[in-house]
Amino acid sequence: MTFESPAMYVFLCFSFILLGSSSLYRIKQYVFLLLNIIFIFLFIAHPRLPSIVILLLWVTSHFLVLKLMLHVRAKRLVFILWLIINLVWFLVSKEYTWITRIFFMGHMYVWWSVLGYSFILFRQIHLSVNVCDGMITDIEFLDYFNYNLAFWTFLAGPIQRYDDFIGQWRLLETTKVNDHERIKGLNRMLWGLIKVVAIAPFFEQYADIKTFTALPNAVNFIILLMSFPLYLYLNFSGYCDVVIGFARSVGFKIPENFRSPFVARNIIDFWTRWHITLSEFFRDYLYFPMLMFSSRYFNALASSVAATFISFFLMGIWHGNSLRFAVFGILHGAGVGAALLYTEFLKKVLSKEKLKAYKNNKIIHIIAVILCQSYVMATFLVFKYPMKDLHQLLDALKGH
Amino acid sequence: MDIHDVIKQLNVIFCEVFDDDSLDINETTTAGSVDQWDSFGHITMILAVERVFKIRFTTAEIAETKKPGQNVGTFVNMIQKKLGKIDV
């Protein structure tokens, strides 16, 4: 089953009826758990059964680690050990061979499906940090499994925080979903589906480097530059519309993941609009801790640039096991670092009034948006195409 | 130290960190209403709070202060808990 397949929507109709009709809170939780397991079974690639067993063992082992952390004093030690083991497991499972071969000889053959691993990892890290820091003092089996395996965010997020998820579940207990909310949710779901199956593929057909190299001119280059980011945005935000809309139709709120990213005026602004829950996760669990630690010993601005760079490098690596995703992360880290330094420079050289005038100046705004989006779209070339295709592209550009 | 004293001290920190002497914060003040209160400014402010109040914030607590809908009031509560003025 794929996200675009009719079976997916039959499953959603089935879930809509079941979740809507189970009035008792506890029953609803069990129904949800069952739906989550059915969803994973339908989506996961062959070999299905061993893949599900491995997935459940991984998730269960983390649940037990959390329970252990809740009962021991050496929480931080347990957390660090778990994190190291879990990161190694993640890198091996997702076949990050360019990283794992630095540490191990050879290459491990991964025969099981790793569907959903990238997002489960985030939820696990978030839970572990919050238990370690004492923000979560108890965790129930059903809450934990439903949070980690929730079918609406299982494939690609948005990354919901645990307290938000639990808060939404508790609300289901006391509030009834009205028809207006249901219709709004279903409308959004339909709009998301249209984006995924009808609009995104239109742009996808132009995201082909060979079309440009066959006829390298300025118009074709602009089409190549814009087509993949637009396809990715429509596909991913469409997916988010479907899951957010569906959840809303059964009375559940999921955080937003996109907010007009193509009007961002710098790369910092871009990441507050594009895959928002991912950038917030990296901000909260990587950038902030690194910046806090480093600023105690070094210059705060230099620390911020370094923390930004490392965060984006790791975020790039998370996107995929090929080296080009690391390059994508480095380019965005450089973009955010440059924006940060430029903002601080403006604060130093301009008075408050002049800085305000600079920010509100429409011409500067338009130029900034064009520059930012050109940079973002160029970095998506690295994200999308393997290095040999990019060499072909560069040769075609030189020839032209 | 009661809530008003905490806000008063916080206001001094905010004026210094966000370089704006005209700031007059209260419990409902949010990041959106203070110019320059971005992620970098947030951490600069938290470090200053740690220094002045002689407390430490954890990663999860800092993440909590950046959640949508959080305001100075959330921050004040956290400071008071750490100073032992509110029973958790």
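B:Glu61 is buried, with a relative accessible area of 13%. Its side chain meets that of B:Lys82 in a salt bridge, 2.9 Å from N to O. This is a predicted model. Over all chains it holds 17 salt bridges. Across the interface of chain A and chain B, the rule finds 2 of them.

**The B:Glu61 pair**

- B:Glu61 sits in helix α3 of chain B, residues 59–65, and B:Lys82 in helix α4 of chain B, residues 72–82.
- The two residues are 21 apart, and the pair links distant parts of the chain.

**Salt bridges inside chain A**

- A:Lys195 and A:Asp241 meet through their side chains in a salt bridge of 2.7 Å, N to O.
- A:Lys195 lies in helix α10 of chain A (residues 179–204) and A:Asp241 in helix α12 of chain A (residues 218–249), so the pair ties together parts that are 46 residues apart in sequence.
- A:Lys195 is buried, at 7% relative accessibility.
- A:Asp241 is buried too, with a relative accessibility of 7%.
- Salt bridges that share partners join A:Arg188, A:Lys195, A:Asp241 and A:Glu256 into one network.
- A:Arg283 and A:Asp284 form another salt bridge, with their closest N and O atoms 2.8 Å apart.
- A:Arg283 counts as buried at 15% relative accessibility.
- A:Asp284 is buried at 2% relative accessibility.

**Helix α9 of chain A**

- Helix α9 of chain A covers residues 162–174, which makes 13 residues.
- At 1.5 Å a residue, α9(A) should span 18 Å; its end C-alpha atoms are 19 Å apart, which agrees.
- The buried residues of α9(A) are A:Tyr162, A:Phe165, A:Ile166, A:Gln168, A:Trp169 and A:Leu172.
- Viewed down the axis of α9(A), these buried residues fall within an arc of 155 degrees, so they line one face of the helix.
- They pack against three helices of chain A: α2 (25–43), α6 (117–132) and α7 (141–149).

- Interface size is often given as the accessible area lost when the parts come together.
- Between chain A and chain B, the buried area is about 2000 Å².
- Carbon and sulfur atoms give 65% of that area.
- In chain A, the residues that lose the most area to chain B are A:Phe288, A:Met292 and A:Lys352, together 27% of what that side buries.
- The contact takes 25 residues from chain A and 23 residues from chain B.
- B:Lys67 forms a salt bridge with A:Asp163, and the closest N and O atoms of this pair are 2.4 Å apart.
- On the side of chain A that touches chain B, α6, α14 (276–295), α15 (300–319), α16 (323–349) and α17 (352–360) of chain A each supply at least two residues.
- α14(A) gives the most to that side, with 9 residues.

Definitions and conventions
Residues numbered from 1 in each chain as written. Chains lettered and ligands numbered in written order. Predicted model: local features only at pLDDT ≥ 70, side-chain atom pairs only at ≥ 80, totals over all residues. Heavy atoms only, no water. Helix = DSSP H or I, 4+ residues; strand = E, 2+ residues; numbered from the N terminus. Expected span 1.5 Å × (residues − 1). Buried < 20%, exposed > 50% of the residue type's maximum accessible area, 1.4 Å probe, protein only. Arc of directions from axis to C-beta. Contact = heavy atoms within 4.5 Å. Buried area = accessible area lost by both parts, 1.4 Å probe. Salt bridge = Lys/Arg side-chain N within 4 Å of Asp/Glu carboxyl O.
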